[in-house]
Structure formats: C-alpha cells, structure tokens
Amino acid sequence: MRTKIVATIGPASNSKEKLRQLVEAGVSVFRLNFSHGSAEDFVRIINDIRDVEKELDKPITIMQDLSGPKIRLGVVQEKTIQVTKGMQLLLGLSGQRTDELPFLPFDHPEILETLEAGDRMVLADGGLQFTVQQNRPDGLVLLEANNSGLVTSRKGLALPGKATKVRALTEKDKKDLSDGLALGVDAVAISYVQTADDVREAKQLIAASGRRVPVVVKLERQSAVDNLDEILKETDVIMVARGDLGVECPLPLLPALQKRIIRACNAISKPVIVATQMLLSMVNSPAPTRAETTDVANAVLDGADCVMLSEETAMGNFPVETVQYMRKITDEAEKLLVDDRKLEEPAANKGIPEFLAYSACLLAEKAHAKAIVSHSLSGASARQVSCRRPPQDIYALTPDPVTIKALNFVWGVHPVFVADPASDPSHLSRAENFIHNSPDFLPNECAVITAGQLKGSTATPRGTNLVKIYWK
C-alpha cells in the first residue's frame with residue numbers, strides 16, 4: 001500500500017460506516033468538493049472522519065477542494081440553440097443582445113475584451129468548439145462553430161491556451177477557505193490556477209487565518225502548465241486534473257503532458273496526484289475496463305504519489321469496491337515499479353538532502369533493511385527518500401500535526417506522530433525507540449535511520465544530517 005488513494009465524498013459515501021470502509025479499503029485522503037456545497041454541508045462529515053481516525057488510530061487527511069472561477073455562459077433566452085458546423089453566433093454581455101445572429105450571453109467583460117481572431121472557445125467540456133472570427137468595435141465577439149451540437153444555459157466555457165485576467169480565488173472561494181480552515185481541513189486544493197501569484201494569494205489567506213496547511217495546485221489550464229516551474233516553487237502538492245486539462249490541450253497530447261508533469265514533481269520531491277476518470281466505469285459497474293486498469297497502473301509507473309477517485313466514490317454504486325479494486329491495481333503496479341527500479345546517484349549539482357536520501361536508500365539496499373525511518377519536522381527528508389522509490393517501507397516520524405497529514409500525499413510513507421517530544425529531544429533516540437518498540441520490526445531486523453542531530457541531544461536540529469543503520 002505505497003501509492004496513496006484520494007477519494008471524493010458524496011451521497012454514495014458520506015455515511016460514517018462507508019467512510020470507515022473506505023479507509024479500511026485503502027483511502028488516505030478524503031476530498032470535500034466545495035463546488036457542490038459549503039462549509040455547513042460538511043460539518044457532520046468532517047466530524048465522522050475524525051471519529052473514524054480515532055477508532056482506527058490512523059491519520060486521515062481531509063482536503064478541501066475550492067470551486068474556483070468556473071466560467072459559464074449566462075441564461076440563453078431561447079433555452080436551446082441548435083448549432084451546425086460553420087454557423088456564426090455572437091458572444092456578448094447580456095445587455096448587448098441583438099437579433100442579428102444567435103446570441104450567447106457571457107457576463108465576463110474582463111475576458112470578452114481579451115478575445116482575438118483565431119482564439120478557440122470550447123463549451124460543455126469539449127462538446128462544442130468555436131473559433132473567434134472578430135472582436136467587433138461594438139463589444140460583441142463573432143464566433144464560428146467548428147462542429148454541431150446544442151447550446152443551453154450555464155454551459156461551462158473554456159479558452160484553451162488563453163491566459164485570462166480571472167484570478168483563481170473567487171469571493172466564494174475566500175469565504176469557503178476561511179470556513180473550511182475553521183472546521184479543521186488538513187489541505188486546500190485551488191482550482192484554475194494560472195500563475196504562482198494564485199498560490200501565493202492562497203498561502204497568504206491561510207497564514208492570515210492562523211493555520212498552516214499544504215496547498216494543492218490543480219493543473220487545469222494550459223497557462224498553469226506553461227508556468228509550472230514557478231508554480232512548483234510555491235505549491236506543496238500538484239494535481240494533474242485531466243478533465244479540464246483535457247479540454248485546454250489536445251487530447252492526444254494529454255498522456256505525454258501527464259508524464260512530464262509527474263517527472264517535474266519527482267525531480268524536486270513534490271507529491272503529485274493523478275485525477276479524473278481513473279475508474280469511471282465503476283460508477284455503474286462492479287469491475288473496471290481493461291483500459292482503466294492500465295491507466296491506473298501507468299500512473300503509478302510514471303511516478304504518481306496518489307491516484308484520485310471522483311464520481312466513482314462520490315455518487316457511484318460501488319464506492320468501496322472501487323477503492324478495493326484500485327488498491328489491487330496499484331499493488332501490482334508497485335511490484336513492477338520496485339523490480340525495475342535502479343537507484344541512481346543524484347546529479348553533481350544537487351544538494352546535501354538529495355545525497356543523504358540517496359545514501360539512506362543505498363544503505364538499506366546493501367544491508368537488506370526492513371525499512372527506512374526518517375525523523376523530520378517538515379517531512380522533507382521522507383519526501384526525498386520516497387522519490388527514489390525504495391522497496392523498503394518508509395516510516396516518517398514527526399511531532400508536527402500538520403506534517404503528519406501532509407505526508408499522506410507521499411508515496412510509500414507511513415506517517416507516525418511522535419507525542420511529547422520534550423520527554424525525548426533527541427531525534428535519533430526517538431527513531432531508535434520507535435524501531436525497538438514497534439511490532440513491525442522483529443528481533444535482529446535492521447532499519448536505516450535518517451535524522452537531524454546536533455552535538456548535544458537538546459539542540460534543535462536544522463535539517464537531516466545523519467544516516468545510521470540500527471539493528472533491533
């Protein structure tokens with residue numbers, strides 16, 4: 001159970017019994033989708049998750065997913081417009097309506113003014129596609145349909161490859177964020193991010209609330225992919241949100257794009273989630289398709305830390321069975337991943353943390369260690385070890401309750417909370433005591449420890465600086 005599973009909660013899974021079954025089946029992170037509710041709708045669910053967490057004595061992470069600025073058409077006066085390929089239509093503010101051509105209301109003036117001839121516009125998750133012919137002097141935008149279909153009110157609208165002036169956090173998101181933090185969510189996912197400024201804004205709001213939780217950036221816009229390097233410097237976790245990303249970029253490019261994003265995250269030890277339609281057929285079927293099983297396995301082999309379920313657990317007929325099936329697939333993929341793994345020395349330009357993690361994995365390999373035990377305040381050392389995908393289990397010891405929940409996004413890591421650190425200030429001693437007292441380690445088994453230790457056990461470490469083999 002190295003690959004972490006994220007499950008979305010909805011009507012099919014929001015009872016306490018179902019939540020418990022999902023955790024027992026392998027869920028580490030629960031996603032609360034604030035596109036379909038507000039804080040008061042999740043109070044009981046959060047309380048139930050906390051009860052399950054105590055009953056199972058296992059850290060469970062609650063991720064709040066903010067809805068973001070979903071761009072939609074307004075209310076179509078005709079209720080339905082039958083569009084044919086080559087047909088021309090006008091897009092404009094509701095008050096600009098004209099009978100010159102079929103009219104699509106769109107009350108986002110900051111976006112309308114940026115449209116140019118040649119821009120692509122997509123409705124209904126790709127079902128209808130248009131090309132901008134002209135942004136007219138009267139403020140109306142002339143469109144030409146690239147295919148046929150129906151236009152109805154409030155359809156989602158995307159502008160593939162087009163950067164807009166719309167920020168990732170709406171006023172609703174800011175209120176939801178504040179409310180969610182007050183309820184005690186452990187992580188926050190932000191939607192339709194375009195630049196690193198969107199991430200910084202979210203972090204500033206979180207800090208102002210007095211909380212400290214990881215930020216998950218959902219990559220849904222081409223502009224976010226273009227700014228990936230800068231976004232990676234600011235975010236804590238990345239989600240490859242293939243639904244909207246598959247609208248923004250041509251579908252044939254999506255698999256390669258997914259691999260490049262995962263590779264970029266692995267290179268700097270940032271956890272990465274692969275999401276959207278992973279086992280979609282299991283909404284109505286007790287078993288997935290061959291293509292879906294291959295998709296999940298390939299995400300693991302590519303280097304994903306987490307795989308996510310959406311409709312499958314939120315509204316499907318087989319939420320627990322879906323998680324069980326996903327766990328079977330990831331377990332088999334992990335066997336191949338470990339068998340094919342080659343431990344490679346970091347590049348010469350890498351820093352000390354990378355070389356310490358490499359050394360720990362190398363020692364574990366040579367000593368046939370049972371596990372790698374990393375004591376860390378921030379969890380960084382455990383993430384460094386994880387990205388090398390060692391065959392050993394990784395135990396991450398930390399006294400920080402925020403880090404405990406953040407490590408549920410990291411491949412292969414078992415988070416362990418170290419209570420009352422004042423009674424044992426030595427990080428090395430805590431790690432040794434954990435191995436000595438844990439039933440997971442038998443007598444004469446060994447583990448490799450990474451820890452931060454300065455001369456004098458009461459000194460506060462400033463990062464991992466020690467690698468040791470410990471025999472029980």
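Student: Why is Asn266 counted as buried?

Tutor: Buried means under 20% relative accessible area, exposed means over 50%, and partly exposed lies in between, with a 1.4 Å probe and protein chains only. Asn266 has 18% relative accessibility, so Asn266 counts as buried. Please note that this is a predicted model, in which local features need pLDDT of at least 70 and side-chain atom pairs count only at pLDDT 80 or more, while totals for chains, interfaces and linings use all residues. Residues are numbered from 1 along each chain as its sequence is written, and side-chain values use heavy atoms, with hydrogens and water left out.

Student: Where does Asn266 lie, and which residues does Asn266 touch?

Tutor: Asn266 lies in helix H9, residues 254-267; helices (H or I, at least four residues) and strands (E, at least two) are DSSP runs, numbered from the N terminus. Contact means heavy atoms within 4.5 Å. Leaving aside residues up to four places away in sequence, Asn266 touches Val272, Asp302, Gly303, Asp305, Cys387 and Arg389. A polar atom of the Asn266 side chain also lies 3.2 Å from the backbone oxygen of Gly303.

Student: What makes the span of H9 agree with expectation?

Tutor: The expected span of a helix is 1.5 Å times one less than its number of residues. For the 14 residues of H9 this gives 20 Å, and the end C-alpha atoms are 20 Å apart, so the two values agree.

Student: Which residues of H9 are buried?

Tutor: They are Leu254, Leu257, Gln258, Ile261, Ile262, Cys265 and Asn266. In general, an α-helix has 3.6 residues a turn, so residues three or four places apart point the same way.

Student: How many disulfides does a search of the whole structure find?

Tutor: The search finds 0 disulfides, a disulfide being a pair of cysteine sulfur atoms within 2.5 Å. For Cys265, the nearest cysteine sulfur is that of Cys306, 11 Å away. Cys265 is buried, at a relative accessible area of 0%.

Student: Why is the pair of Tyr395 and Phe434 called tilted?

Tutor: The ring centres of Tyr395 and Phe434 are 5.3 Å apart and the planes stand at 55°, so the pair is tilted. Tyr395 lies in strand S18 (residues 393-398) and Phe434 in helix H16 (residues 427-437), so the pair ties together parts 39 residues apart in sequence. Tyr395 is buried at 9% relative accessibility, and Phe434 is buried at 18%.

Student: What kind of pair do Tyr395 and Phe441 form?

Tutor: Tyr395 and Phe441 form a tilted pair, with 5.6 Å centre to centre and 50° between the planes. Phe441 is buried at 1% relative accessibility. Tyr395, Phe434 and Phe441 form one aromatic cluster.

Note on methods:
Rings of Phe, Tyr and Trp (its six-membered ring) pair if their centres lie within 6.5 Å; planes under 30 degrees apart count as stacked, over 60 as edge-to-face and the rest as tilted. A polar contact is a pair of N or O atoms within 3.5 Å; within protein, one must be able to donate a hydrogen and the other to accept it, and residues adjacent in sequence count only if both atoms are side-chain atoms.
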